[in-house]
Each structure stands twice: as structure tokens, then as C-alpha cells.
Amino acid sequence: MLTVNQLEKRRQVAGVLIVLGLVIEALCLIWSTPIAFVIFVAIGGLFMFAGIVLFLYSLVFNLEARE
Amino acid sequence: MLHATTLILSLILFSAVVIGVLIARPAITATRGGKILAFVAMFCLPIFCGLLGVSREMGRSKSTAFCLSCHTMEDYGKSLYVDDPTHIPASHFQNHRVPPDEACYSCHTSYAMFGGLKVKLYGLKHVAVYYLGTPPAPENIKLYEPYNNRECLHCHLGAKSFEEGATHNADPATLPAIKSNQLSCISSGCHDVAHDLAHLKDAKFWKAGT
């Protein structure tokens, strides 16, 4: 069973990944070149996707831990 | 457009700050309100920001400046300023027959179902070739497929100058042939001067705004 600390740790990692994705998105919006779009989708999108999935995963484990 | 970017950046900053608070103080999520905040900040807001960003980037990729930002496209950009009414891209750009800030996209998109998506994929291919491959010399760049009259007719169909033009009606078979894409608008002897890069160095240029 996961402890509260482990759950918090997962959410923190998810948060860091999402923030990194958001920072990449922000930089790509400012840096207006064709490669910026590719970086935004490929790297920023990947970070955000990973962060969101990890966050949702932590929610599911939280529910399982309660049961 | 600048305001749109500023708004998206503000939303990104706001999301990052809220997520930052949740990272620094994870105990907040112990309460019901904290859980809702975490869900909004770490699921809803990033997805919303991402969608807005993609939409903004898609809009930006239609701009003339975006297309001409690659060195390979410089001469094509110059050709828009050729002071010659028979030079089709230049006359369209200079007379605002296409939006000047979306000049390339207006003529080089495909006005068919998923045409916009198709040209965006071509664009990604161009980016890959530009950064990872060997870009061809500007004069060697060719269209993926013969230019379709559909793109011209998207604007010109029904226009008086097109429907009642003397050359278009000299032969009764001409107009139906153009409309059915049997006779290309850019056929030899018709509107055949597109981006004439070969003669660019001898061309006279329009000085916009002077």
C-alpha cells in the first residue's frame, strides 16, 4: 500500500513535469520560428502528457489505497 | 495576435504558479477544496493551455513571416515585391487579392477536405528537411503535385473579372475546362509567371509604403 508521502511525491513529480511542459510551451510561443512548434509539441507536449498521466495515476492509487 | 499570445502566456504563468504552490505544499490536497484545486491545476489548466498553444501556433504557421523565416524561402519572399502585374504572386500580394500577412498560405493551402491538415504535414516535412536534411536550392523547389485550379477558383469563381473576362470567353470551351481543372490557370500563355526566381535579379521591385 502506498503511503501518503509516496502519493505526495508522485504528485510533486507530476507537477514538476507539467510546469516544465508549460515553460517549454511559453518559450516556444515567444520564440517564433518553425522549429519552435515542433519543440512545443514533441518535448513540451511529452512533459505535459507525462505529468498529467502521472497525476491521474496518483489519483487512482489514492482511491485504491482508501479501499 | 500579440494579445492572444500575452493571454496564453498569462494563463501559463498562472497555472505554473498554482502548480508550484501544490508542489511546495502538497498537504493542501488533503482537503476537498485542495483536491479540486489540484485537479483543475494539474489536469484542466495544462490541457487548456496546450490546446490554446497549439491553436496559436497553427495560426502563426499561416503567416507570411513564418514561411519566409527559413533562409531557403528568401527569394520567394522577394518575388512578392516584383513590380510586374503579370507576376501572379506579386500582383496578388501587392493588391491584397490575398491577405498580405497570409499570402503564402492563401495560395499554397488546399481548399479541400483536410487540405489544411495536409499542408501542415507538408510544413512539418519542410522543417525536418531544413534542420535534419539538405534543403534544395530555392530554384529547385517544386510543388508536391501540379497546382490545382481549385485553389484559384476558391476566390475567383463567380467573380465578374473571371466569369466575363474576354480571354476566358474567347472560346466557349475554355471556361468549363478551367472550372473542371482540365486547363490549368498557370498553363503556358495564361497566368504562367509564378515565382520567377531565375529573373529575380533583373526585376524591378515595388517599394511598399513609398
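Guide: A helix here is a DSSP run of H or I with at least four residues, and a strand is a run of E with at least two. Keep in mind that this is a predicted model.

Visitor: What makes the pattern of chain B α-α-α-α-α-α-α-α-α-α-α?

Guide: Chain B has 11 helices and 0 strands. Strands need E runs of at least two residues, and chain B has 0 of them, so the pattern read along its sequence is α-α-α-α-α-α-α-α-α-α-α. Chain A, for its part, has 2 helices and 0 strands.

Visitor: Okay, on to Ile18(A). Why is Ile18(A) called buried?

Guide: Count the neighbours. Ile18(A) has 30 other C-beta atoms within 10 Å. Buried takes 20 or more, so Ile18(A) counts as buried. Ile18(A) sits in helix H1 of chain A, and of that chain's 67 residues, 37% count as buried.

Visitor: Which residues does Ile18(A) touch, not counting those up to four places away in sequence?

Guide: In chain A, Ile18(A) touches Met48(A), Gly51(A) and Ile52(A); in chain B, Ile19(B), Met42(B) and Pro46(B). Touching means C-beta atoms within 7 Å. There's also Phe49(A): 31 residues from Ile18(A) in sequence, and 7.7 Å away in space, C-alpha to C-alpha.

Visitor: How many residues of the two chains are in contact?

Guide: 24 residues of chain A are in contact with 28 residues of chain B. Helix H1 (4-30) and helix H2 (34-66) of chain A each supply at least two residues of that side of chain A. The largest share, 13 residues, comes from H1(A). By class, the side of chain A that touches chain B has 15 nonpolar, 6 polar and 3 charged residues.

Visitor: Why does Tyr122(B) count as partly exposed?

Guide: Tyr122(B) has 15 C-beta neighbours inside 10 Å. Tyr122(B) is in helix H7 (residues 115-132) of chain B. Its C-alpha atom is separated by 8.9 Å from that of Tyr144(B), 22 residues apart along the chain.

Visitor: How do you know how chain B stands against a compact globule of 210 residues?

Guide: Such a globule would have a radius of gyration near 17 Å, but chain B has 24 Å. The C-alpha atoms of chain B fill a box of roughly 80 × 40 × 35 Å along the principal axes. Of the 210 residues of chain B, 19% count as buried.

Definitions and conventions:
Residues are numbered from 1 along each chain as its sequence is written. Chains are lettered from A and ligands numbered from 1 in the order in which they are written. This is a predicted model: local features need pLDDT of at least 70, side-chain atom pairs count only at pLDDT 80 or more; totals for chains, interfaces and linings use all residues. Ala, Val, Leu, Ile, Met, Phe, Trp, Tyr, Cys and Pro count as nonpolar, Asp, Glu, Lys and Arg as charged, and the others, Gly among them, as polar. A residue is buried if 20 or more other C-beta atoms lie within 10 Å of its own, exposed if 12 or fewer, and partly exposed in between; C-beta atoms are placed from the backbone. The radius of gyration is taken over C-alpha atoms; the globule rule is 2.2 Å times the number of residues to the power 0.38.
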